Amino acid sequence: MSDKRNIMFEIARGLIAITIAIAVAFLLIFASSDDPASALQCLLIRPVWTSGALNTKSILTILGRTTPMIFTGLAVCVMFSANQFNLGGEGAVMAGGFVAALVGIYVPMSAGLHVVASVLIGTITGGLIMIIPAVLKVKLKASEMVSSLMLNYVVMYIVLHFLNMNFADRSKGATQTFPMESTSLIGKMVTGTELTWGFPVAIIATILVAIFMYRTRWGYTIRMIGINESFSKYSGMKVGAVLVISQVIGGALSGMGGAIEVLGRYETFRWQGLPGYGWTGLTVAILAKNNPILVPFAALFIAYLDRGCELMSIYAGVPAEMIDIIQAVIFLFFAAEQFMAKTKHKMVVKGAKEEMKQIELAKEGGDL
Amino acid sequence: MENNEYVVQMKGITKVYPNGVAANQGVDFNVRKGEIHALMGENGAGKSTLMKMLFGLEQPTEGEIFVNGEKVHLSSPNVAIAKGIGMVHQHFMLVPSLTVAENIVMGMEPKKGLFINYKEAVRLTEEFSQKYNLHVDPQAKVRDIPVGMKQKVEILKALVRGAKILILDEPTAVLTTQETEELFKELVHLKEQGYTLIFISHKLNEIKQITDRLTIVRAGKSMGVHETATTSKEEISRLMVGRDVVLTVEKDKAQPTDVVLRVSELEYTNDWKKKMLDKISFDVRKGEILGIAGVEGNGQKELVEMLFNLNIPDDGEVTVNGKNVIGVPQKDIRGYGVSLIPEDRMVFGIAGTGTIEENIMSDRCSDQKYNKGPLFNMKAMHEDSDKLIAEYKVLCKSRKQQVGMLSGGNIQKVVVAREFSAEPCLIIADQPTRGIDVGATEFIRKKLVELSREGAAVLLVSADLNEVMELSDSLMIMYNGKIAAYFEDTSVLTDSMMGEYMLGLKQQSDEEVRRVIHE
């Protein structure tokens with residue numbers, strides 16, 4: 001089967017998985033809403049089209065919401081490419097956001113420098129956290145999946161501890177920090193929306209990660225180790241070091257996503273629990289088939305659904321948890337490798353036959 | 001109306017694998033009752049696929065199968081066994097920690113109440129063993145018995161299950177000359193008792209010796225059925241590969257100079273407390289090919305692992321041009337100029353879902369030549385990959401094709417292209433042509449000789465007697481973790497001489513073996 005046909009098949013397979021997921025969502029909406037028609041309208045149309053006109057504000061909000069998902073999606077891409085099922089993105093996002101906020105509050109710097117420094121320190125924090133599961137994996141063969149998953153909660157409680165005990169603004173009703181300096185905040189691209197300058201940064205990050213993965217020796221090494229570790233070792237690659245590096249990069253991207261989210265959308269740090277972007281990043285990376293270039297599109301899809309569900313819960317009384325169910329269904333169909341395998345096999349057979357025929361024809365042509 | 005002359009009839013069989021490989025295209029295959037029928041073809045020609053379908057391991061995409069004139073749908077090996085078909089796989093399907101008798105009755109154990117009636121199992125094994133003249137020790141653990149006996153166990157396993165038609169997949173690949181002779185006697189004995197045997201092989205001599213008729217498959221298609229007696233070896237060879245294969249490699253006399261690889265007093269005991277390497281010492285000089293022959297499992301695999309730091313020996317030294325190799329990262333070993341063609345190419349040789357280009361570049365991705373600052377120099381990579389693909393005649397659509405989609409021979413060519421193009425001063429070739437087609441085999445062998453004559457030291461480890469005898473300038477035989485014999489000149493050797501050392505019937509004196517160390 002030609003590569004082109006293969007790609008077409010994968011796209012079709014993805015679309016069918018999404019369609020089935022949405023169909024399941026429809027069933028649930030019909031079951032749970034008093035007014036299914038308007039609920040569907042809220043889910044599918046209202047995010048972009050309201051009262052007969054393009055809803056620019058909503059569209060920009062959706063774009064804005066893709067920002068953290070793009071970062072965590074990229075993070076998962078890098079780690080999964082190395083065959084490292086690291087689920088620590090969640091903790092890295094939270095810690096990155098928290099530390100970036102602290103720099104924003106307590107370390108005054110000149111405008112311009114302040115925001116960059118805050119984001120960078122948040123990024124580094126995310127990267128440092130991932131050293132723990134990575135080294136445990138390489139040195140002690142502890143499953144990175146388990147240790148990183150557990151680490152999320154360790155990180156969360158450490159952040160909450162410091163937030164509550166050391167950095168809380170007691171004058172406020174809810175637990176939150178003092179306001180960040182305005183020099184550390186990321187400006188809005190369009191005022192009055194959730195779209196910040198973090199979005200173009202996410203797009204640039206996407207391009208850089210794609211180049212890193214496909215055009216540099218480090219990205220290449222990560223991918224080869226992901227395919228076959230024994231082969232990589234035998235080829236002379238430093239497997240252990242690269243396994244650590246891939247996870248540190250994943251942590252750094254997550255940390256950067258957390259920092260940009262906190263500095264872009266809030267005036268104070270106020271997360272009371274894991275923000276959920278790490279988990280969404282898993283779905284995004286799976287939708288994007290670990291291909292960095294596809295990450296923004298996958299994030300856009302999730303953000304769109306997210307917004308639709310939000311509107312559904314506001315205007316049609318459908319529980320906001322619906323998005324989780326839809327995500328879970330998509331996840332199932334995408335992750336199931338055998339989904340539509342029979343159709344694929346039929347296509348393969350057809351392709352092989354055509355190829356054989358062409359070879360025969362070419363031979364006959366040669367004989368004449 | 002089906003012809004009852006045939007016990008097995010496969011008609012118009014087409015098989016397309018999920019990866020798009022059309023392994024069989026409209027193949028007809030008929031076997032008469034009570035004959036030994038050879039199924040021949042190069043590796044990748046589709047003979048294993050055809051037999052997997054007959055044994056129910058794979059289902060044909062198109063075509064029909066008849067057994068004893070009755071149309072059958074062989075959906076699993078259990079169905080095939082019920083129809084009286086048995087298969088002896090190339091890689092034995094035995095449980096090493098169980099006894100011979102336990103292996104033979106596995107899945108159909110005679111019971112005594114809730115427990116397995118072990119005595120009955122032993123009795124059954126002995127009964128069949130005597131009836132068919134296949135002598136095995138029912139009480140021995142499978143891991144302790146020699147390869148030849150394991151094969152007998154496999155055959156008995158099939159017979160006990162009521163097989164009347166036996167498929168033997170390259171049964172002699174792992175046997176010594178003597179064991180092969182013994183196996184052939186047993187097979188003829190089975191034939192005389194009315195059994196039908198399908199014999200998969202690509203060894204011409206064996207086919208001529210034992211089979212009645214032969215079917216040749218080439219590139220997934222049948223090249224017809226032939227009477228063995230009236231078909232010459234040259235004819236078979238021509239039908240198999242579509243051209244006359246030169247089965248010998250021409251080479252000048254070696255002019256060895258300095259020692260490149262030096263192994264001294266290497267010792268290794270494996271996890272099961274078996275001594276795999278017992279104070280092995282030898283060296284390989286620039287410009288010569290030193291062959292290591294021996295039945296598999298006598299320490300060759302472990303030895304190669306030690307030379308590339310894929311395992312750590314208990315004691316001893318390995319140096320390349322005076323530099324220590326033990327415990328040194330592979331990158332540095334490669335930096336010393338060592339190349340390895342690994343025994344298991346799917347595990348060590350390639351990254352299956354990577355492209356051909358990515359697989360060629362794996363050892364050199366950080367070379368100056370292929371990098372411009374932090375980025376890859378894609379142009380240089382493309383140029384060199386295309387050059388190597390052309391030079392090593394890798395059959396593919398482009399450098400972007402997934403390497404795992406290629407046939408075994410072409411995968412090996414990718415591995416060899418990478419290893420040979422690294423300008424090695426020492427090449428370790430572990431089973432370099434195992435399971436690949438004649439064309440690729442010939443190509444790789446010629447390259448090995450060429451590189452050695454250009455000044456590389458070559459250590460060739462191979463279970464293929466022809467290969468080691470043909471290619472090696474000097475040769476040593478490993479038996480039980482020791483060097484059983486060393487021959488400075490391979491031209492005087494014969495198969496049976498080597499067989500005696502390989503089976504441990506003979507052992508050279510220490511003085512004779514020590515000649516392999518050149519001071």
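Among the contacts in chain B with a separation of 6 or more, 68% are accounted for by residues 24 or more positions apart, and this figure, like the others that follow, belongs to a predicted model. Chain B holds 18 helices and 24 strands, and buried residues make up 45% of its 519 residues. Its C-alpha trace spans about 70 × 50 × 50 Å along the principal axes. Because a compact globule with 519 residues would have a radius of gyration near 24 Å, the 24 Å of chain B agrees with that expectation.

Within this chain, the domain assignment gives domain 1 (6-241) and domain 2 (259-516), and the centres of these two domains, taken over C-alpha atoms, are separated by 32 Å. Where the domains of chain B meet, 10 residues of domain 1 are in contact with 17 residues of domain 2. The side that domain 1 of chain B contributes there has three nonpolar, six polar and one charged residues.

Helix α4 of chain B, residues 118-131, can be followed in detail. This helix has 14 residues and reaches 20 Å from its first C-alpha to its last, which is close to the 20 Å expected at 1.5 Å a residue. Which residues of α4(B) are buried? A121(B), T125(B) and S129(B) are, and because they cover an arc of only 65° around the axis, they lie on the same side of α4(B). Just after α4(B), the backbone at N133(B) takes a positive phi of about 65°.

Beyond its own fold, chain B also touches chain A, in a contact that takes 27 residues from chain B and 22 residues from chain A. On the side of chain B that touches chain A, the elements giving two or more residues are β2 (22-32), α10 (330-335), α11 (345-349) and β20 (375-376) of chain B. By class, the residues on this side of chain B divide into 12 nonpolar, 11 polar and four charged.

Key:
Residues numbered from 1 in each chain as written. Chains lettered and ligands numbered in written order. Predicted model: local features only at pLDDT ≥ 70, side-chain atom pairs only at ≥ 80, totals over all residues. Contact = placed C-beta atoms within 7 Å. Helix = DSSP H or I, 4+ residues; strand = E, 2+ residues; numbered from the N terminus. Nonpolar A, V, L, I, M, F, W, Y, C, P; charged D, E, K, R; others polar. Expected span 1.5 Å × (residues − 1). Buried ≥ 20, exposed ≤ 12 C-beta atoms within 10 Å, placed from the backbone. Arc of directions from axis to C-beta. Domains from an automatic or database assignment. Rg over C-alpha atoms; globule rule 2.2 N^0.38 Å.
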